[in-house]
Every structure is written in structure tokens, then in C-alpha cells.
Amino acid sequence: SGGSARGGFGVGAAAAAAAAPDGGVGGDDGVDRSDVLHTEFFLTRARSAADFDAGGINPATQACLRFGRPDVDTICGVLRGLADGDRGAGARVALLTCGPAGLVRACERAAAAHAFDFHAETFDFD
């Protein structure tokens, strides 16, 4: 069966700093958003403590870790709203994904629908 990370894949998005209308510093709250990065990692098979131990996975300390399959359309809609809210309508966002071909296709469609830049790495498990 091989390690607990089997069946895992990642979806990430980054808002490009060049798109920020104020040179990278967001709104009145003084928070520097020049390096905005939202990352989520989804594990589709590793669910038991034994799997976690074997793969060095600690869900309690890895806040970006999710279980099950991602709802790519919902994630992209939320990211579009966040980017537009921080940087103005049409803010540049890059969607980065790695995983099996089906996930990559779903992310590519969602990226196109939300006008995101897109990069993918495809892998599959035997």
C-alpha cells in the first residue's frame, strides 16, 4: 500500500503582487498583501492515525490540510471574491494544482471560468 500521502493532491492560489493598485499594501488595515498565498492540500485516502504516522502527517498542526475531494468551483469562487475585495475587480490570481488528470482538468476549467492564470503538474498513483 505504500505511504499515507497516497491519494493526496494540492490546490493553491496566489494573487499577483503586480496587480495590487497600491503597490502591494492592502486596504486601511495596514496588512501587507503583496505576497498573498492561499494553500489547501487534500488527502483522499489517508484517514487513519497509522496512515498519518507513516507519512509524517499531523492534522492538528497542518491548518491547510483537508480530507476528501475539493469542490474546485466553490474554492475558485471564494478566491475570486477575496482577490477582488482586496485588490479590485479583475485582480490577477494564479491557480496552481498538482494531482491526477481529472483534478487538473477540473482546476483548468475553473481557472478559465474565473479568469485565473493556471499552472499544473499531473501525477497519478498506480
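Reader: Is Cys107 buried or exposed in this model?
Author: This is a predicted model, and the value given for Cys107 is computed from its atoms, with a relative accessibility of 0%. Because the cut-off for a buried residue is under 20% relative accessible area, Cys107 counts as buried.

Reader: What relative accessible area does Cys64 have?
Author: Cys107 is buried, but Cys64 falls into the partly exposed class, which lies between the cut-offs of 20% and 50%. The relative accessible area of Cys64 is 27%.

Reader: Which element gives the largest share of the largest nonpolar core?
Author: The largest nonpolar core has 14 residues, and those with the most contacts inside it include Cys76 and Cys107, alongside Val72, Leu95 and Phe116. Two or more residues come from each of α2 (72–87), β4 (93–99) and α3 (101–113). In soluble globular proteins, nonpolar side chains tend to be buried together. The largest share of this core, five residues, comes from α2.

Reader: Which residues does Cys76 contact, leaving aside its neighbours within four places in sequence?
Author: Cys76 is one of the buried residues of α2, and it is also among those with the most contacts inside the largest nonpolar core. With the neighbours within four places set aside, the residues in contact with Cys76 are Leu95, Ala110, His114 and Phe116.

Reader: How are the buried residues of α2 placed around the axis, and what arc do they cover?
Author: The buried residues of α2 are Val72, Ile75, Cys76, Leu79, Arg80, Ala83 and Arg87. An α-helix has 3.6 residues a turn, so residues three or four places apart point the same way. The buried residues of α2 lie on the same side of the helix, while the face turned away from that side carries the exposed residues Asp73, Leu82 and Gly85.

Reader: What distance separates the end C-alpha atoms of α2?
Author: With 16 residues at 1.5 Å a residue, α2 should span 22 Å, and the model agrees with that expectation. The end C-alpha atoms of α2 are therefore found at a separation of 22 Å.

Reader: Within what arc do the buried residues of α3 fall?
Author: In α3, the buried residues are Leu103, Val104, Cys107, Ala110 and Ala111. Seen down the axis, they line one face of the helix, and the face turned away from this buried side carries the exposed residues Arg109, Ala112 and Ala113. The buried residues of α3 fall within an arc of 130°.

Reader: Which residue takes a positive phi just after α3?
Author: α3 has 13 residues and reaches 18 Å from its first C-alpha to its last. Just after α2, a positive phi of about 100° is taken by Gly88. Just after α3, the positive phi is about 60°, and the residue that takes it is Ala115.

Reader: How far apart in space are Arg69 and Arg45, C-alpha to C-alpha?
Author: Arg69 lies in the loop between β3 (65–67) and α2, and it counts as exposed at 67% relative accessibility. Arg69 and Arg45 are 24 residues apart in sequence, and their C-alpha separation in space is 9.8 Å.

Terms used: Residues numbered from 1 in each chain as written. Predicted model: local features only at pLDDT ≥ 70, side-chain atom pairs only at ≥ 80, totals over all residues. Heavy atoms only, no water. Core = buried A, V, L, I, M, F, W, Y, C linked by side-chain atoms within 4.5 Å. Buried < 20%, exposed > 50% of the residue type's maximum accessible area, 1.4 Å probe, protein only. Helix = DSSP H or I, 4+ residues; strand = E, 2+ residues; numbered from the N terminus. Contact = heavy atoms within 4.5 Å. Expected span 1.5 Å × (residues − 1). Arc of directions from axis to C-beta.
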